Amino acid sequence: MSIRLYSTLSRRLEELPPPPGPIGMYVCGPTVYQRAHVGNARPFVVFSWLRNWLRERGYEVTFVHNITDVNDSIYEAAPGKSAELAAQATDWYLEDTRDLGLGVPDVVPRATETIPEIVAMIERLIAEGYAYEVQGDVYFRVSRYADYGQLSGQRPEEMAEQEPNPLKEDPRDFALWKANKPGEDTWWDSPWGRGRPGWHIECSAMAEKYLGPRFELHGAGLDIVFPHNENELAQSRALGSEFARIWMHNGMLRFVGEKMSKSKGNVLTIREALDEWGRETILLLLMTAHWRSPLDLSPETLEAARAQAETFRNAFVEDGRGDGDWDELARVLDDDFNTADALAVLHGWRVAGALDSVRRGLELFGLGSLAEQAEIPSEIFELAQQRKQARLEGDFALADAVRSTLADLGWEIRDSTDGFRLVRRQ
């Protein structure tokens, strides 16, 4: 058994070491200045699922998912009250992702809790000649790191300026530390004066603090390959750390249709999606595409996911037993973690009546609630048994009458090779 995952860094499938590993997994979390939209849930969900599968396969996994709670966007959203907004938005994010029902990461560090490690890393970069200070700001020397662009494919000579400052040595250099500006209410003392960290150094420091200088997996959304992940990789490897070996970037959630348009401000938050559609619908929608592929979010795709949830739930109206070939599921998940193909396997088992395996598979994806045994009132079950006996005796008029009675009572009876299934009508 080997698990292969596509790495943005090598542009190919990379094999994980054999179990138990260990596997360190760092996943970039949100910058907290508002309620997170449902697109922000995709990396959380994908890598929570991957953690579950790796543990199922015998790996020891440490899942670190950070919170960026000091950043330009937070200052801009709440001038003079950035700390209060960041704390509130962090609570929102933790509450909303908890309600997805996938558990919590092993470590959820915050940038504001990692300032000593960030300052120490910047000091090492300066000492090694990879960084320099200008009037309280500290910048990374892109030209000093020969492999810059290896992750994103950016060509340093063609790069636009990331953070304008005429005092920089090179327009391409990016900030490691930013001097405190008027109106910025959150700051720390440092060897370069009052200020706060840049975005990229925060993740390098948090990852190294909890996973060490080398770990297996780094996850993030495709939208932050450049500049964020590129800069993480450069500053960490400049100090001699291998940092992450495999870089996984999930595809974007595309908001489709007028009812879900970023330009019109109609994008669903995680909380709104949970309240309107339920967590099972959201999770099943995210299963329908390979993690590297884009995925359309619209009322139509959500309705289709909801229908799949009902299909699974209805399969458990009666207490079905039976196992499918677990290796069939392992083959598609071990090969670049293909959840869309895994979903097809689960439906195949459902049709075949291998409900023990369906239940086990759903639990991996936080969907065990779909396999909870439905409560069938005794009088309904007795009517269904009466219809079954009528059919066996050839009394099809009585059988049809009982079917009609069941329908009036809100139940549909479906004949199968081993008897019948009762499904509550919507």
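Buried here means under 20% relative accessible area. All views show a predicted model.

**View 1. T97 in helix 3.** T97 is found in helix 3, which spans residues 82-98. With a relative accessibility of 3%, T97 counts as buried because that value falls under 20%. A polar atom of the T97 side chain lies 2.8 Å from the backbone oxygen of Y93. An α-helix has 3.6 residues a turn, so residues three or four places apart point the same way.

View 2. At 0% relative accessibility, D96 counts as buried. Side chains of opposite charge can pair when their charged atoms come close. D96 forms a salt bridge with R35, with the closest N and O atoms 2.9 Å apart. R35 is partly exposed, at 25% relative accessible area. D96 forms a salt bridge with R271 too, where the closest N and O atoms are 3.0 Å apart. R271 sits in helix 7 (residues 270-277), so the pair R271 and D96 links parts 175 residues apart in sequence. Both R271 and D96 are buried. A network of salt bridges links R35, E95, D96, R98, D99, R271 and D275. The count for the model comes to 32 salt bridges.

**View 3. The salt bridge between E14 and R12.** The side chains of E14 and R12 meet in a salt bridge, 3.2 Å from N to O. E14 is buried, with a relative accessible area of 14%. R12 is partly exposed, at 49%.

View 4. Strand 6 (residues 137-140) and strand 7 (residues 174-179) pair over 3 bridges. V138 has W177 in strand 7 as its bridge partner.

View 5. The buried residues are L355, D356, S357, V358, G361, L362 and L364. Their cover includes helix 1 (41-56), helix 9 (299-315), helix 10 (326-334) and helix 11 (339-352). Just after helix 12, G366 takes a positive phi of about 75°.

**View 6. Positive phi at D336 and F337.** Most residues other than glycine have a negative phi, and most peptide bonds are trans. Phi of D336 is near 65°, a positive value. F337 has a positive phi of about 50°. D336 lies in the loop between helix 10 and helix 11, and F337 lies in the loop between helix 10 and helix 11. D336 is buried, with a relative accessible area of 4%. F337 counts as buried at 2%.

**View 7. Two cis peptide bonds.** A cis peptide bond joins P19 and P20, with omega about 10°. P20 is found in the loop between strand 2 (12-15) and strand 3 (23-27). The peptide bond from F226 to P227 is cis as well, with omega near 5°. P227 is found in helix 6 (residues 225-238).

Notes
Residues numbered from 1 in each chain as written. Predicted model: local features only at pLDDT ≥ 70, side-chain atom pairs only at ≥ 80, totals over all residues. Heavy atoms only, no water. Helix = DSSP H or I, 4+ residues; strand = E, 2+ residues; numbered from the N terminus. Buried < 20%, exposed > 50% of the residue type's maximum accessible area, 1.4 Å probe, protein only. Polar contact = N/O pair within 3.5 Å; in protein donor to acceptor, adjacent residues only side chain to side chain. Pairing = 2+ DSSP bridges. Contact = heavy atoms within 4.5 Å. Salt bridge = Lys/Arg side-chain N within 4 Å of Asp/Glu carboxyl O.
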